[in-house]
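Subject: Structure handover

Hello,

Here is the structure I promised you. Please open it and keep it beside this email while you read.

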Amino acid sequence: GEQEIQTITTKTYIGANEVQLITTSATDRNEVQVIRTFAPTVLEVQTLKTSAFSGNSLSGTYSLAFNTTATGGTLQYSGEISYNAEAQGGRYSVKSILEAMSNIGPGGIHNVTRSSPDDEGGYTWSVTFASKMGNVTALELYESALKPVDGAPAVEVQTVKDGNEIYGGYRLEFDGYTTEVIPYDASDSEVEAALEALSTVTTVDVTRSGPDNQRGYKWSVTFTHDDNAGNVNPLVPVYDSMAKGSGRLLYGTSGDPTVSVTSTDGNEI
């Protein structure tokens, strides 16, 4: 008879190919930029000079006034300064007497030097204020008990060099747009408002620190909105005569200040 034939067939289900999802991610970190105004330290120098008519011989004392009310301080008067007072080192030296005034205080005078006497016994003391004093008002003669009275003794105070302090303001440029002038001592909210007024900035948070002895400040600017997410372009300070013909916006009493911007980049892949 005929042989039986059987067919064996194998098959598998052919469906969709395997799908694997690859995801990239990074830590969410906002861009932070720090604006800093800085001026070189220049110490204030004032001189005290005593003199009399020729042929007289100076003696006696004088005292000084120091008025800082214009900057929120006080009006103070010094102790009596001898006509031949030592520059510094002793209790009755010019340095010690000045630092005993509460609106100068310990450490308020960097140093004092004294000249040789002139023919009438007059001296010139050169008083250098400490950096923390900044640009100070001039000392003034308060009372003179110098003798001889008919010898017309005089005390002359001169400012030889102003301490350096920052005045004026600056602008910030970001992605082609520039702020209005920002005052040198602008609050954090003022800087925040100036930046958010730009069409290229949505929202920022600003914190301020300072001032230093030259009235320099730091403003830390954090870009908080997704419109400025990731690594954004740096703020560009505009403050001197070389920038767009603006004239010097930021200046110092004894040395030109600068504005710098440093960045901690926002994170992006």
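Which strands does helix α2 lie across, and at about what angle does it run to β13? Helix α2 (residues 188-196) lies across β13 and β14. Its direction is about 145° to β13. Axes here are lines fitted to C-alpha atoms, for helices over the stretch in contact, and angles run from 0 to 180 degrees between N-to-C directions. Contact means heavy atoms within 4.5 Å. Helices (H or I, at least four residues) and strands (E, at least two) are DSSP runs, numbered from the N terminus.

Some ground rules. This is a predicted model, where local features need pLDDT of at least 70 and side-chain atom pairs count only at pLDDT 80 or more, while totals for chains, interfaces and linings use all residues. Residues are numbered from 1 along each chain as its sequence is written, and side-chain values use heavy atoms, with hydrogens and water left out.

**The open sheet**

Start with β13 and β14 again. They belong to an open sheet of four strands, in the order β13-β14-β1-β17, with antiparallel pairing. The edges are β13 and β17 (258-264), and each of these pairs on one side only. On average, neighbouring strands of this sheet are turned by 20° against each other, direction ignored. Two strands count as paired if DSSP finds at least two bridges between them. Between β13 and β14 there are six bridges, in the antiparallel sense. Strands of a sheet pair through backbone hydrogen bonds, either parallel or antiparallel.

**Strand β2**

Now move to β2 (residues 45-51). Five of its seven residues are buried, so the strand is mostly covered. Buried means under 20% relative accessible area, exposed means over 50%, and partly exposed is in between (1.4 Å probe, protein chains only). Strand β2 pairs with β7 (residues 124-129) through five bridges, and the two run antiparallel. In that pairing, look for L48 opposite W125 in β7. Strand β2 also pairs with β9, again antiparallel, over seven bridges. Here Q46 stands opposite T159 in β9.

**Salt bridges**

How many salt bridges does the structure hold? The count is three. A salt bridge is a side-chain nitrogen of Lys or Arg within 4 Å of a carboxyl oxygen of Asp or Glu. Side chains of opposite charge can pair when their charged atoms come close.

- E99 with K95: the N to O distance is 3.3 Å. Both residues lie in helix α1 (residues 94-99), four residues apart, about one turn of the helix. E99 counts as buried because its relative accessibility is 16%. K95 is buried too, at 19%.
- R215 with E165: the closest N and O atoms are 3.7 Å apart. R215 sits in the loop between β13 (204-209) and β14 (218-223), and E165 in the loop between β9 (154-161) and β10 (166-174), so the pair ties together parts that are 50 residues apart in sequence. R215 is partly exposed, at 22% relative accessible area. E165 is buried, at 11%.
- R248 with D256: the closest N and O atoms are 3.9 Å apart. R248 is partly exposed, at 32% relative accessibility.

Go back to K95 for a moment. What does it touch, not counting residues up to four places away in sequence? K95 touches A87, Q88, I109, H110, N111 and V112.

**A surface patch and a loop**

Next, the surface. L75, Y77 and Y142 form a nonpolar patch there, with about 290 Å² of accessible area together. Patches are made of residues with over 30% relative accessible area and no salt bridge; like charges are joined within 9 Å, and nonpolar side chains (Val, Leu, Ile, Met, Phe, Trp, Tyr) within 5 Å. Accessible areas come from the Shrake-Rupley method with a 1.4 Å probe; for residues, only the protein chains shown count as cover. Y77 lies in strand β4 (residues 75-77). Y77 is partly exposed, at 41% relative accessibility.

Last stop: G79. This residue is in the loop between β4 and β5 (81-82). G79 is partly exposed, at 37% relative accessibility. Not counting residues up to four places away in sequence, G79 touches Y62, S63 and I97. G79 and A100 are 21 residues apart in sequence, and their C-alpha atoms are 8.2 Å apart in space.

Best wishes
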